[in-house]
Protein chains: 2
Amino acid sequence: MATHAAHAPTPELIFDSLQAYQRTAALRAAIEIDLFRAIGEGRNDVESLARRCDASERGVRILCDFLTIQGLLQKSSGRYTHTPTSAVFLDPQSPACIASTARFLGSPMLRAPFESLAQTVRTGRTALPGEGSVEPNNPAWVEFATSMAPMMAPMAGPLGRIALDGLRGPVAVLDIAAGHGLFGIEVAKQNPEARVVAIDWPAVLDVASANARKAGVEARYETKPGSAFDVEYGGPYDLVLLTTFLHHFDPPT
Amino acid sequence: MATHAAHAPTPELIFDSLQAYQRTAALRAAIEIDLFRAIGEGRNDVESLARRCDASERGVRILCDFLTIQGLLQKSSGRYTHTPTSAVFLDPQSPACIASTARFLGSPMLRAPFESLAQTVRTGRTALPGEGSVEPNNPAWVEFATSMAPMMAPMAGPLGRIALDGLRGPVAVLDIAAGHGLFGIEVAKQNPEARVVAIDWPAVLDVASANARKAGVEARYETKPGSAFDVEYGGPYDLVLLTTFLHHFDPPT
């Protein structure tokens with residue numbers, strides 16, 4: 001009997017799938033009310049969390065319990081604390097915090113197509129208007145450049161080393177669809193004679209330029225606004241970075 | 001090192017949570033284009049699935065691959081087949097199919113509040129207009145009565161036996177917030193002298209009455225339309241069913 005029961009299919013996976021969107025909503029809500037910061041500050045009872053987050057006790061209690069089941073908080077004797085995961089990746093006080101990625105990953109451009117996914121499957125193309133995510137000057141890429149940087153930052157150092165591969169002296173670098181610009185900026189940091197030309201939509205380049213200033217490499221950081229398919233690249237270049245670009249296009253493109 | 005790596009937190013759970021809504025969307029899309037029926041009919045290559053579902057090959061291929069990762073299909077040599085779970089619970093040819101529950105579980109009433117969950121946590125009450133799910137005559141309960149019946153059906157038999165507990169002869173049964181009516185109907189099927197009075201919103205009772213007719217107990221099935229808080233119950237009753245009701249209210253109510 002036990003053997004039979006272990007192998008009999010159950011509807012669990014189906015209900016889990018049909019309600020999986022609630023897990024996304026719970027994490028987004030917790031980030032939005034700044035719950036993980038409050039937990040990190042040592043507030044761990046419902047009353048003080050609610051006060052700190054300007055939220056109802058009832059709402060905070062139910063949300064924290066749900067996050068505990070999800071593995072994103074721990075609960076003991078009615079008090080909530082960080083899990084190792086939430087401490088490192090969700091508390092804004094942690095240098096590795098990636099909570100901001102929720103803004104891009106939860107942006108209308110990424111979420112809206114899933115509201116009518118059957119239509120996308122039927123047609124084989126995006127349900128978004130125009131060219132969708134690759135529409136010229138799509139403002140979503142400003143959000144990408146801003147909020148996804150913390151996720152990309154840990155990769156920038158190693159990628160810079162691989163790309164430079166010990167190359168010293170003057171190096172001309174082209175960063176196509178630079179986004180946050182972190183990869184080209186890292187090359188400029190690792191090689192003090194490297195000069196970077198970054199291509200992206202104008203508003204996105206504002207984010208990359210700000211990051212270049214923060215990194216102190218703005219004097220060797222040039223921007224060329226426009227479509228990567230149309231802009232005059234200039235050159236010649238010793239290095240071309242093409243990091244967050246190709247996966248947006250199908251093979252014929 | 002291996003031990004350290006096993007214990008070091010990773011952002012996996014966070015990205016999984018932020019994108020969990022895509023699993024809901026994939027299953028809903030597959031049900032909507034009737035993919036599980038097509039698979040059950042033995043179509044298992046992308047081309048014939050796309051033709052049967054009136055969808056693009058590209059869309060069907062990507063969706064089927066995603067469902068395979070999700071454990072809701074199997075893929076071998078480029079061909080897709082049911083998993084034990086999808087065969088039993090998602091193929092409309094299966095008597096245990098619960099695919100219709102996606103309609104209620106994916107209805108605007110259930111999904112919309114999660115679009116603004118932070119607001120709900122802040123206020124401690126639904127972001128839906130009016131009384132939300134318990135608003136009088138909320139049409140969502142018609143969808144509930146229609147699409148959730150397959151999920152409730154397996155419970156109706158055992159529940160009827162527990163509720164009747166061997167009671168024979170004339171039994172007066174009150175079914176409060178009857179919904180699909182399956183529980184009261186089951187009592188009427190198990191005891192041929194039982195008479196059932198069902199209370200719910202008028203449009204919902206139409207669904208329950210139709211189910212009573214299908215079960216052949218309509219002559220012993222009476223309906224009283226209105227709010228369970230206001231309707232004159234009549235009586236006395238030997239049995240009161242209160243199955244899909246109390247969890248919608250807070251303790252003070």
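User: How many salt bridges are there across the interface of chain B and chain A?
Analyst: The rule finds six across that interface; a salt bridge is a side-chain nitrogen of Lys or Arg within 4 Å of a carboxyl oxygen of Asp or Glu. This is a predicted model, where local features need pLDDT of at least 70, side-chain atom pairs count only at pLDDT 80 or more, and totals for chains, interfaces and linings use all residues. Side-chain values use heavy atoms, with hydrogens and water left out, residues are numbered from 1 along each chain as its sequence is written, and chains are lettered from A in the order in which they are written.
User: Thanks! Which residue forms a salt bridge with A:Glu32?
Analyst: That's B:Arg122, with the closest N and O atoms 3.9 Å apart.
User: And which helix of chain B gives the most to the side that touches chain A?
Analyst: Helix 3 of chain B does, with 10 residues. Helices here are DSSP runs of H or I with at least four residues, strands are runs of E with at least two, and both are numbered from the N terminus.
User: What is the area buried between the two chains?
Analyst: About 4,800 Å², with carbon and sulfur atoms giving 68% of that. Buried area is the accessible area (1.4 Å probe) that two parts lose on being put together, summed over both.
User: Switching topic: how many salt bridges are there over all chains?
Analyst: The count comes to 20. One of them joins B:Arg52 and B:Glu41, whose closest N and O atoms are 2.8 Å apart. B:Arg52 lies in helix 5 (residues 46-52) of chain B and B:Glu41 in the loop between helix 4 (35-40) and helix 5, so the pair ties together parts 11 residues apart in sequence.
User: What about A:Lys189, which residue does it pair with?
Analyst: A:Lys189 forms a salt bridge with A:Glu186, the closest N and O atoms being 3.8 Å apart. These two are three residues apart in helix 13 (residues 182-190) of chain A, so about one helical turn separates them. A:Glu186 is buried, at 14% relative accessible area.
User: Nice. Which residues are linked with A:Arg43 in a network of salt bridges?
Analyst: A:Glu41 and A:Arg52 are linked with A:Arg43 in that network.

Technical notes:
Buried < 20%, exposed > 50% of the residue type's maximum accessible area, 1.4 Å probe, protein only.
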